[in-house]
Amino acid sequence: MKRTLDVCIAALGLALTAPLLAIIAALIKLDSQGPVIFRQIRVGQGFRPFSILKFRTMVVDAPGICLPLTVGQDPRITRIGRILRKFKLDELPQLLNVLIGDMSLVGPRPEVPGYVERLRSEFSEVLTVRPGITDLASLRYIDEAALLAYSPNPEEEYQLKVLPEKLRLAKLYIRHMSLRLDLAIIIQTLVHISGLPFVVFTLPELKAAIDSPPSAPWPSLSSLLMRWRKPIIVVLDVVLIILANYFAFALRYDGSIPDGEIHTFEQTVLALVAIRGVAFALFGLNEGLWRYTSIWDLQNIIGGVLISTVIFYGWVHWVMGIYGYPRSIFAIDAMLLIGFLAGMRLSSRVFRDMSVFQKKRKVLVIGAGDSGERVVREMKTRPIFGCQPIGFVDDNIGLLNQRIHGVRVLGTVQDLPKLVEGLKPEVVVVAVPNVTAGFLRDLVIKLEPYHISIKTLPAKDELLADQSTVSQIRNVSIPDLLARAPIDLGNEATRQMIRGKCVLITGAGGSIGSELARQITLLEPRVLLLYERHENSLYNIHKELDDRRLTFPIVPLIGDVTDAQRLCAVLEQYKPQLLFHAAAHKHVPLVELNPMEAVKNNCIGTRVTAEAASLHGVEQFVHISTDKAVNPSSVMGATKRVAELIIQDIARTSRTRFLLVRFGNVLGSSGSVLLRFQDQIRNGGPVTVTHPEIQRYFMLIPEAVQLVLQAATIGEQGHIYVLDMGKQIKVLDIARSLIRLSGLNPGKDIPIQFVGLRPGEKLYEELVGEGEIAVRSSLEKILQIRAISRLDFEEFREKLFALEASSYGDEADVLLERLKEIVPMFQACISDMESSTVPTGPLLS
């Protein structure tokens, strides 16, 4: 088909331009000595050399005078040659190359053998098709000589920058090659050459290389039209008013208007023009920009025409006294005029939005409700998004085969694999507000083989009504795939607890501590104290909050939770009423290697902070714990369990209200497996998972912090609170989902490798330990943990003293023995862990 079209157009072009070709040939002979046609060897399809034909635009023997490239105002170019090059008329003889089969109308521009040999491997893909007279590179570099003139070394600029870009565009053309694309390139080339300010072909890769100076009179004509736009619109409206009225008479009398009615027309038309002119001015019909014509403009047109018709009716009958004026003329005239005015204005918009070829991403929309309708409407009316909706998918059988904005409902979610296979969309948009995590996980699995980008809308309460729906579409993320919907624990009681109080946060620079600080600032405390030993982390969170220009002070305090003197000085000076203890060592592998430091920070630090809070009359102390403290298998978990017991011990005799909060793995926190997976995917893999069956509870950082704040409002003295987190999620499923959401295939593009359980790691986590039960609290989704057996705290304090003493010694084994004495399950879980480890494994598909 392409070859047939080439031959037909080339033959027709040569026939139609034969007089022009003869005139150009004569002008070339008169302008300078030498042949009319310039021949040069170029490399064609399959690396076959051929002679390309052009009108000669340079003086004879020009290649020996200057550069082999044409640069700027090259002195080799003749007078007539400059004109021919400006309008690309020197390329017309290449229609003969097309006719004989050396070239095509559209295709990669042929290069000289020297350039091809240097990049032969790159040209091997490009030269699978016939070279062409015009192509994408011709549009990108419409004035290549002017571009090269900006470079101090044109030859180097061409070989290192221009030529590689031409090759990239040539490959792009080959990937999208079609008759429609060829037609678009030909038309856009002609438009560029003529200097018309129109775009009929859009592609992001075709942005002009340089801003070429305006040619032809089009820019000045456009400026003139804009300056006199209102008078021109008024004149056009007057012409349309007269035409509509005349055609109304013609239609009323079947094209043969009687002489008497002609006289009536002539007698009333000036009054009609005047009345309609005033009405149109009142409705602002001469002020709008036609390229943005909308329903609002149509309403104004209808309003202006109808009101002026009623006034004109009264003028004709009661002022002019022409009672024989046919009443049907009023109706016909009004309908014709509305059509003329709307058509004139809409034509401008249609012409603006019309393109022969526009590269758009094919989008399949899941959800044919209000959100889906809004998404499709914006995609179709706003070309800037570059999206083409190709169909809806909805489980409502009643919508099957119905159309919304011309887009058909193609099937249900179960039909997705078949639809994707046939339609080959590039993007799937889930336009279902508050979609469930289970639905998204199933969708990710269904579309895994197709390498499709999956996007979704924000939750319904997050969707901004005053913003474009399409602009709010985002990628599906890991939090969207949690086994449960993220829990909103918002409660006015939390605000009442914080408002007007002095609040201290230890570990304020960490993931949980910093998020606590962010959320507490929204609850209007009197003072917020940020206590942190790492100055960089403290600086970052303090700077972030300080930039908000809050009405209360944010005080950064450098200090260690094991430093009793520093802590007491802070508590004495600021007298906080609420203390959130988030400081801890929490990285399991690092803590396994440094058990003494873990005891100092997690155990001694907790005791020092709790005792100081009790001594200085802090009203409420909230300790942040972890699910790893339940039947711990790691040093980190064991030390956090000891910290829980310390809090419960001090709570027995203190007037300060102590409570504890446990939660699972926090997505996105420092050291989170999610961040590690993302880094491994960016680096090309492999993604390392410790065990194929390892499971964890996952929650979001804001969720974890809301749990802490909410538990503080209901917490009873010495009790532990946990979030009802639903089911645990396999870490392997998280890894697979993250790879898929990156547009890659697990096991194929990014390998997954099992590396064995790390020291101190369990296959699954627990929220309730041995000797504990979970009961409902006064808040939904929050459980209270109660001990079913009493602990001998006198014995505990003796063992704690020995543990603390061993943390300052040199024997890690002694410390671990002391730790096991306090937490007996620590030793048992280590044995279980050793029996459950697996050898490092090969790649997983």
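1. In helix α24, Pro 595, Ala 598, Val 599, Asn 602, Cys 603, Thr 606, Arg 607, Ala 610, Glu 611 and Ser 614 meet Val 635, Met 636, Thr 639, Lys 640, Val 642, Ala 643, Ile 646, Ile 647 and Ile 650 of helix α25, where contact means heavy atoms within 4.5 Å. The residues of this contact divide into twelve nonpolar, four polar and three charged, with Ala, Val, Leu, Ile, Met, Phe, Trp, Tyr, Cys and Pro counted as nonpolar, Asp, Glu, Lys and Arg as charged, and the others, Gly among them, as polar.

2. This is a predicted model, in which local features need pLDDT of at least 70 and side-chain atom pairs count only at pLDDT 80 or more, while totals for chains, interfaces and linings use all residues. Residues are numbered from 1 along each chain as its sequence is written, and side-chain values use heavy atoms, with hydrogens and water left out.

3. Helix α24 (residues 595–615) and helix α25 (residues 635–651) pack at an angle of about 15°, with their axes 9 Å apart. That makes α24 roughly parallel to α25, a term used for angles under 35 degrees. Helices here are DSSP runs (H or I) of at least four residues, and strands (E) are runs of at least two.

4. The structure holds 34 salt bridges, each defined as a side-chain nitrogen of Lys or Arg within 4 Å of a carboxyl oxygen of Asp or Glu. One of them joins the side chains of Arg 79 and Asp 31 (3.0 Å, N to O), linking helix α3 (residues 79–86) with helix α2 (residues 18–31) across 48 residues. Arg 79 is exposed, with a relative accessible area of 64%; buried means under 20%, exposed over 50%, and partly exposed in between (1.4 Å probe, protein chains only).

5. The side chains of Glu 122 and Lys 171 also meet in a salt bridge, at 2.5 Å from N to O. Glu 122 lies in helix α6 (residues 120–126) and Lys 171 in helix α9 (residues 154–175), so the pair ties together parts that are 49 residues apart in sequence. Glu 122 is partly exposed at 32% relative accessible area, whereas Lys 171, at 17%, counts as buried.

6. Glu 693 forms a salt bridge with Lys 730, the closest N and O atoms being 3.1 Å apart. Glu 693 sits in the loop between β21 (687–689) and β22 (695–696), and Lys 730 in strand β25 (residues 729–730), 37 residues apart. Both count as partly exposed, Glu 693 at 40% relative accessibility and Lys 730 at 27%.

7. Glu 515, Arg 518, Glu 544 and Arg 548 are linked in a network of salt bridges.

Conventions
Axes fitted to C-alpha atoms, helices over the stretch in contact; angles between N-to-C directions. Parallel < 35°, antiparallel > 145°, perpendicular 65-115°, else oblique.
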